[in-house]
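These are my notebook entries on one structure.

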Amino acid sequence: MNIQVFEDKNELYSTVAEYYINYINQKPNAILGLATGTTPIPLYKNLIQAYKNGRVSFKDITTFNLDEYIGLPQTHKESYYSFMRHQLFNHIDINLNNTHIPSGILEPNEAIKVYQSQLSKHQIDVQLLGIGSNGHIGFNEPGTSFESTTQITQLAESTIKDNSRMFDSIEEVPTKSITMGIKDIMMANQIIVIATGLNKADAVLKMIEGPVNESLPASILQKHSNVLVFLDKEAASKLTK
Ligand code: PGA
């Protein structure tokens, strides 16, 4: 793992954005694995600005998102479908036909089949990841098999609590998700992890220094040969090495 720690969060996000801009300019038809949540929002803002400044085009880019809540209509403001439209896709020149998000509204087995089949036809170049405070990646919660492919998962109590800040009440947070599996994530040529804030420090420590163990899903990233980790100093504060 290549780990970079930033004093300044703006600098962290502009560094990651420049990485993507260079990557896309070198490979305009890249296949990007994208993430939702609070963590990637400043990255997407930087990329939108770069697009508006004529520094990058997404017109030949293909994207795959990690996950979606089960049961939220696409129009719900907290669906990851809405998130991606509002935080990124509506503001850049991407062809929406080349964007893929697992379906939270299709019959679940059908949704898994559809997504796994779309994924199997593509090789993700760069997969973006946040990390849950419990070490999840995508919605692969602690205990998920490292061999998992696209699947339906029960959200951990801690995830429901973490994500309730986006909803009017905790009762409204869906309890299930459809997510790319850990094996799918590990197939990407390169993985970029961003983590910020003290509430991620334990998970970051275990991801980087802990044993590779299914109880901490992100620890599997130690086995990937091309992972770039971008941390602010709070998220990095428990690292010992
Ligand atoms: P967050 O979520 O970016 O909203 O903290 C990250 C994650 O759960 O993977």
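**Entry 1: the largest pocket.** I found that 35 residues line the largest pocket, and that T36, G37, T38, T39 and R165 lie nearest its centre. I noted the terms: on a 1 Å grid over the protein atoms alone, a pocket is an open set of points with protein on both sides within 12 Å along at least five of seven lines, a cavity is a set of points where a 1.4 Å probe fits but cannot get out, and lining residues have an atom within 4 Å of a point. The volume of this pocket is about 630 Å³. A volume is the space filled by probe spheres set on the points, and grid points are joined across faces, edges and corners.

I recorded the origin of the values here. The model is predicted, local features need pLDDT of at least 70, side-chain atom pairs count only at pLDDT 80 or more, and totals for chains, interfaces and linings use all residues. Residues are numbered from 1 along each chain as its sequence is written, and side-chain values use heavy atoms, with hydrogens and water left out.

I then asked which elements each supply at least two residues of this lining. They are helix 1 (9–26), helix 2 (41–52), strand 4 (67–69), helix 3 (80–87) and helix 5 (157–163). Helices (H or I, at least four residues) and strands (E, at least two) are DSSP runs, numbered from the N terminus. By class, I read 13 nonpolar, 16 polar and six charged residues in the lining of the largest pocket. Ala, Val, Leu, Ile, Met, Phe, Trp, Tyr, Cys and Pro count as nonpolar, Asp, Glu, Lys and Arg as charged, and the others, Gly among them, as polar.

**Entry 2: the second largest pocket.** Its volume is about 200 Å³. Its lining includes Q116, H122, K183 and D184. Helix 4 (108–120) and helix 6 (182–186) each give at least two residues to this lining. I read its classes as five nonpolar, five polar and two charged.

**Entry 3: the cavity.** I searched the whole structure and found one cavity of 30 Å³ or more. The largest cavity has a volume of about 50 Å³. Among its lining residues are Y20, L32, F58, T63 and I94. The lining of this cavity has nine nonpolar, one polar and no charged residues.

Entry 4: I traced an open sheet of seven strands in the order 1-10-9-6-2-3-5, with parallel pairing. Two strands pair if DSSP finds at least two bridges between them. Strand 1 (2–6) and strand 5 (99–100) are the edge strands, each pairing on one side only. Helix 7 (201–209) packs on this sheet and touches strand 1, strand 9 and strand 10; contact means heavy atoms within 4.5 Å.

Strand 9 (190–195) and strand 10 (227–232) run parallel and are joined by five bridges. I191 has V227 in strand 10 as its bridge partner.

Entry 5: I found an open sheet of three strands in the order 4-8-7, paired antiparallel. Its edge strands are strand 4 and strand 7 (151–154). Four bridges join strand 7 to strand 8 (176–179), and Q151 stands opposite T179 in strand 8.

Methods:
Axes fitted to C-alpha atoms, helices over the stretch in contact; angles between N-to-C directions.
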